[in-house]
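The stops below are meant to be selected in turn.

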Amino acid sequence: MGGGRDMNDRVALTNEAVFAELEGIIDKGFEKDLIPSKIRDISAWYLLTVAEDLARFSVAKDAVEFKDSLLIFFDQLKYSLKHSLLLVLENSENSGVKLPEKVYPLFYRKSSALIMAGLEYERLHRIVLGCYENRVKVELIDGVYEVKNLNENTAEYVALEYLNHGKGSEVDMFSVFVYLMQDENKDNDVVKSICRNTRIKKRKPVYEYTPASIKMLLKYLPQRDEIIPRDFKFPWGDGFETLCLINALWVRCAFHVLSVHCKASEKNIKGGMESSILLKINKKQLIRDIDIVASVGDDKIEKFVDSLTYGFGVKTPDPALQPIYSTGSGALLIPSILLMTSNCQRNALSLSARLDKKLFDRSSRFFEIKMVEHISEKVSHLGRCFQNRHYSANGDKEEVDLVVLDSEEKFCLIIEMRWMIQPGDYRELVKRQKVCDEKVVQVERKKRFFNRNKVEVMGSLVANETRFNDYRFEAIVLVMNYGGKQSIVSEIPVVNSDIFEKLINNENKLAEVYETCRSLSWLPKEGEDFEYQTESFEVGGETIRSPAFTMNINADEYASRLRQPTVNRVDA
C-alpha cells in the first residue's frame with residue numbers, strides 16, 4: 001500500500017484528507033516522464049499521429065452498427081489528447097527542429113503509452129472534479145478508495161446522455177465515412193475514384209485535392225442538419241457561413257484519410273502508411289482547399305482557421321475545440337478522424353463563447369427564439385399557444401416563454417425553456433445542472449403568479465370566458481441539447497425537448513402530456529436499459545472503486561420506444 005502508514009491510520013483520515021491523498025496518487029500517475037520527446041512539435045506530431053492511427057483502425061475494423069460505441073471511444077480519446085498535449089506544453093520546448101518523415105517504433109510506443117495513461121487520467125480526473133464540486137465523495141474502506149455519488153443527478157438522466165436524448169441515430173456524414181473505410185466496400189465508386197487519384201511516392205501518398213477529385217465524394221455525402229441559426233454571429237462569420245466552413249473542413253479531412261487508408265489497403269502496405277495518416281498542410285493551402293467547398297472568402301476562412309488553431313485566444317487549450325495544431329515551422333497538423341467525429345457545430349459554439357463571450361451572449365437569443373417557435377408549432381394541436389408574452393396583475397409582472405391553453409379541458413401548461421450547449425466535460429455538466437434548478441425555481445414562481453391571478457391572466461388570453469377559477473395550471477422546464485436532471489420540485493419535471501416532442505405525439509390531451517412528463521416513465525430504466533455497477537482499477541499500487549455504466553440498449557432502440565403510446569400514467 002502507498003503512503004507509508006498502516007491501514008488503521010488510513011481509515012481514521014477525514015474525507016478531505018482521503019481526497020487529498022487520492023488526488024496526489026492520481027497526479028503521480030500522469031507526469032512529465034511520459035512525454036515522448038522534450039521537443040514540443042515532435043511530441044505533438046507523434047501524439048496526434050498515434051491518436052489518428054488508433055482511430056483509423058477502430059473505424060476500419062468495426063462495422064457500421066458499432067458507431068455509437070466508436071463515438072464514445074473517440075470522445076475519450078479526445079480527452080486523453082487534451083491532458084497529454086497540456087502535459088507536453090508544460091514540459092517541453094521548441095527548437096525549430098524538422099518534423100519526422102516516418103514513425104519510429106520507440107516514439108510510437110511512448111506516445112501510445114501516454115495516450116493510454118491519458119485515458120486513465122481522464123476517468124480519475126472526473127472523480128477529482130466531482131469532489132471539488134461536491135458531487136461525489138471518497139471514503140477509505142478496508143484499504144480501498146470508494147467513490148460514491150451524492151445523488152445530485154440520478155443514473156437515469158446520465159443514461160440519457162448515452163442515448164442521444166431520445167433522438168436516435170441517423171445516416172450522417174460520419175456513417176458514410178465509416179462505410180467507405182470498410183475493406184468489403186473497396187469496389188465502391190467513391191473509393192475507386194479516390195484510389196485512382198492517389199499514387200505512392202517513396203512510401204507516401206500523393207493526391208490532388210481539386211473540385212474534380214472530390215466531386216464524387218461530395219455527391220455521396222448527406223446534408224448536415226443546420227443546428228445553428230443562420231443569423232448567429234461568430235468571430236469569423238454568421239451561422240450559415242460557419243456551417244459551410246465546417247462542412248468544407250470536414251470534407252478535406254475525410255478525403256485525406258480515405259486517400260491514405262484506401263490506397264494503403266489497395267497496395268497491402270504494412271502499417272497502412274501510418275506516418276501519413278495525420279494531415280500535415282500549410283495554412284495557405286488549407287485556406288485554398290476549404291474555399292473549394294465553402295466559398296465564403298479568404299479573410300473569413302483565415303479567421304476560421306486561426307480560431308480553430310490550438311491555443312488561439314484561450315488560456316487552457318482543448319484539441320476538441322481547436323483541433324488544428326500549428327508547429328514552429330508553420331506547418332498545420334490536423335487529426336482528421338478526431339475532428340470528423342466531433343459535434344463540430346456544438347464545438348464551434350463552445351469555442352465562440354470562449355473567444356468572445358459578449359458576442360456569443362448577444363447572438364444566443366436566436367436559439368431561444370428558434371426553440372420557442374419550434375416547440376409552439378409542435379404542441380399547437382393540443383391547445384392555443386402564447387409565445388414570449390408579458391403578464392401583469394396586482395403589481396406583479398412575469399414573462400413566460402410559452403403558455404399552452406386547452407380551454408375545453410380547462411388546463412394550462414406553463415413552459416419555461418432553455419437552450420444549452422451540450423456539456424463537454426464534468427464542469428460544464430455541473431453548470432447545466434445548476435441552470436436546470438434555476439429554471440425550475442423560475443417557472444414555479446410563474447406558476448404561483450398564474451394561480452394567484454387567474455382572472456387577470458386568463459382574461460388576457462381567453463375571450464368570452466368568465467369561469468377562470470376552474471382552470472388548472474401546471475408547469476414544466478424544457479431543455480435542449482442536454483438530458484436534464486431530476487427536478488428539485490417533483491410537480492415541475494425537467495424534460496429534454498426531443499423527448500418532449502415524441503411524448504406530444506403519443507397523447508391526445510395536453511394534460512396527458514404533462515402527466516406523462518411528470519411520471520418520469522419515459523426515463524431509461526435501471527436493470528432493463530442500463531446497469532449501474534462498480535468498477536475497480538489500480539493506480540500507484542492503490543485500489544479505487546467507482547460507479548460505472550453498462551448500456552443494454554442503443555439510441556435507436558430507446559427512440560423507438562419513446563414513439564410508442566404510453567401505457568402507464570400517473571393520475572392527476
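How many bridges join strand E3 to strand E4? Select residues 198–201 for strand E3 and residues 204–207 for strand E4: 4 bridges join these antiparallel strands. Helices (H or I, at least four residues) and strands (E, at least two) are DSSP runs, numbered from the N terminus, and two strands pair if DSSP finds at least two bridges between them.

Before continuing, please note that this is a predicted model, in which local features need pLDDT of at least 70, side-chain atom pairs count only at pLDDT 80 or more, and totals for chains, interfaces and linings use all residues. Residues are numbered from 1 along each chain as its sequence is written, and side-chain values use heavy atoms, with hydrogens and water left out.

Remain with the hairpin that E3 and E4 form, which has 2 residues between the strands. Lys201 has Lys204 of E4 as its bridge partner. In the turn, select Lys202, whose phi is positive, at about 55°. Most residues other than glycine have a negative phi.

Next, display the open sheet of 3 strands, ordered E7-E9-E8 with antiparallel pairing. Its edge strands are E7 (279–282) and E8 (325–326), each of which pairs on one side only. E8 pairs with strand E9 (residues 331–334) over 2 bridges, in the antiparallel sense. To locate this pairing, select Tyr325 and its bridge partner in E9, Leu333.

Move on to helix H17, residues 426–452. Which residues gather in the patch of positive charge on the surface? They are Arg354, Arg427, Lys431 and Lys434. Helix H17 gives the most to this patch, with 3 residues. Patches are made of residues with over 30% relative accessible area and no salt bridge; like charges are joined within 9 Å, and nonpolar side chains (Val, Leu, Ile, Met, Phe, Trp, Tyr) within 5 Å. A salt bridge is a side-chain nitrogen of Lys or Arg within 4 Å of a carboxyl oxygen of Asp or Glu. Accessible areas come from the Shrake-Rupley method with a 1.4 Å probe. Lys434, found in helix H17, has a relative accessible area of 41% and is partly exposed.

Finally, select Asn481, in the loop between strand E13 (472–480) and strand E14 (494–496). Is Asn481 buried or exposed? Asn481 counts as buried, at 16% relative accessibility; buried means under 20% relative accessible area, exposed over 50%, and partly exposed in between. The phi of Asn481 is positive, near 75°.

Definitions and conventions:
Lys, Arg positive; Asp, Glu negative; His and termini not counted. Charge placed at Lys NZ, Arg CZ, Asp CG, Glu CD. Buried < 20%, exposed > 50% of the residue type's maximum accessible area, 1.4 Å probe, protein only.
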